[in-house]
Amino acid sequence: SLPQGKEFTYMTSDVNEVSGKSFDYIVVGGGAAGCPLAATLSEKFSVLLVERGGSPHGNPLVTDKRYYGSSLIQTDEFSSVAQSFVSEDGVRNLRGRVLGGSTAINGGFYSRASEDFVKRSGWDGELVKESYAWVEAKIVFTPLLTPWQTVVKFGLLEAGILPYNGYSLEHIKGTKMGRTVFDEWGKRHTSADLLEAGNPKNIVVLLNATVKNIIFNTNGKGKEKRANGIRFIKSDGSSNHTHEAYLNQPKNSGTWGDIILSAGALGSPQILLLSGIGPHDHLKDFNIPITLDLKEVGQGTQDNPAIGFLFDTVPQVRLPESPEVVGIADDFKFIIEAGVVPISFNASTMRISAKMAFPASRGKLELNSTDPRINPSVKFNYLANKKDLDESVRMVQLLQRVAKSRSVSSFAGKPQEKTVSSKHELRKLCKNKVRTFYHYHGGCTVGSVVDDDYRVYGVQGLRVIDGSTFQVSPGTNPMATLLMLGRYQGIKILEERKDFISHQNP
Ligand SMILES: Cc1cc2nc3c(=O)[nH]c(=O)nc-3n(C[C@H](O)[C@H](O)[C@H](O)COP(=O)(O)OP(=O)(O)OC[C@H]3O[C@@H](n4cnc5c(N)ncnc54)[C@H](O)[C@@H]3O)c2cc1C
């Protein structure tokens, strides 16, 4: 028990404890959106949260800032906390595989979405603010700038990324310091910490179990299929046995709860496809029985093209640094951040990177295998659209201005990358050096796979709430908005079922 007598959330890796049981809600994936969602639903309902990875608690690769970035270097196929994948474009990328999801391996930079993004998403502005604040009170901290962050801050200002906004949570033009999930002692707080804000008696967290697909039943001909359970396997592959868990059957013909996919931009479309929801021809290739021919599943996935400059000619023994300062430039088009990233366990290098906020290029996600533990295949088509290639030239020119600023050059010297100036050379550099900022999204976007309430079109009892629902990456960095979205949608669902609750628990 916690000191105040509050219990910890119950966690188990024993599939048999959950196998055959029923819950009011089942959330698949304990990442940025899944944990706050499960915590919120548990205020009134019983919730099963299934996570394919293990616990982040006590794992220094997750919790200790001194090892920030180390988990990204050495990954393995089925058990490391970060799972690497290489998109069909040839760019290496990463996804979290641990309770806390990508919030357990990421840069920890916390910054809200713009008011414009909130408006365009059709969200209730007040509830959005409350939901951000709910997250921030628990796991968000004000960073004390390191020397390198301070130098880059001045470099951004010298490069003309103005005004200077000091510390700010908001997505506004200019240079600002954001917030972070690392506290003043260098301890990382992940979305898993938010589970403690729920009702521990109502949540069961099943770890090290990978959801394979969703169980549907059809009540009567012509009626929409209803999701009423999940199938899952042990993540370590030690057994071929498939287990099942179900949604509680409502009493007195009341309403049902939902299966909610929060498995991220790779995981959620993958689970839909494995459940027979997706483009008919693609499912046929894998002999997956069709539940619903929904062509848009996996379509339009996107990753923001990024370019990074490295500053040490020889890697140094330096503590890693997560980003704390950001430049939001050129009418919100470019985002510039800096860090110190490990390249091996005893060497790191200073880096400044730029992200293109609104690329036009899109790609798609498809299955590679029917094994849910294997990465799906994904192509982002970085810079395929001419507009993106032209924009990337302007992005690198801006990055060069920051790198050449007196502040940065007197502190860090020249970047490893040669300065090139002709458009032709700049385009070539962008094509050769394009990398990820790790803000990939889409595949189950609102309006094509899910409706405004995040319900999957054409079936009942199934929602997707995570980064796969975004058309574009929000704000400077998406984590804040995904944590907020989990809380926000949880509250919406509680409100929807207010009557049901009072009926069940008078
Ligand atoms: C290296 C890196 C650095 C980043 N830096 C930042 C940053 O500094 N600031 C920022 O705002 N954003 C950052 N991001 C992006 C941010 O972390 C993600 O956008 C965000 O975490 C996505 O949230 P999500 O809920 O969609 O998915 P995730 O947080 O990835 O959660 C998905 C969860 O589902 C689980 N899962 C998947 N499939 C299954 C299955 N079949 N069965 C059971 N569980 C499953 C996964 O293990 C994972 O825990 C970074 C990301 C990465 C990878």
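The model is predicted, so local features need pLDDT of at least 70 and side-chain atom pairs count only at pLDDT 80 or more, while totals for chains, interfaces and linings use all residues. Residues are numbered from 1 along each chain as its sequence is written. Helices (H or I, at least four residues) and strands (E, at least two) are DSSP runs, numbered from the N terminus.

- An open sheet of 3 strands runs in the order 18-23-24 with antiparallel pairing (two strands pair if DSSP finds at least two bridges between them).
- Strand 18 (299-301) and strand 24 (377-379) are at the edges with a single partner strand each, so one side of each has no neighbour in the sheet.
- Strand 23 (residues 363-366) is joined to strand 24 by 3 bridges, and Leu365 has Val378 as its bridge partner in strand 24.

**The cores**
- A nonpolar core is a set of buried Ala, Val, Leu, Ile, Met, Phe, Trp, Tyr and Cys residues joined through C-beta atoms within 7 Å; buried means that 20 or more other C-beta atoms, placed from the backbone, lie within 10 Å of the residue's own.
- The largest nonpolar core has 90 residues, and those with the most contacts inside it include Ile26, Val28 and Ala38.
- Helix 12 (residues 479-496) gives the most to this core, with 8 residues.
- A second, separate core of 47 residues includes Phe311 and Met395.

**The helix pair**
- Gly34 and Leu37 in helix 1 are among the residues that meet helix 12 (contact means C-beta atoms, placed from the backbone, within 7 Å).

Terms used:
Buried ≥ 20, exposed ≤ 12 C-beta atoms within 10 Å, placed from the backbone. Contact = placed C-beta atoms within 7 Å.
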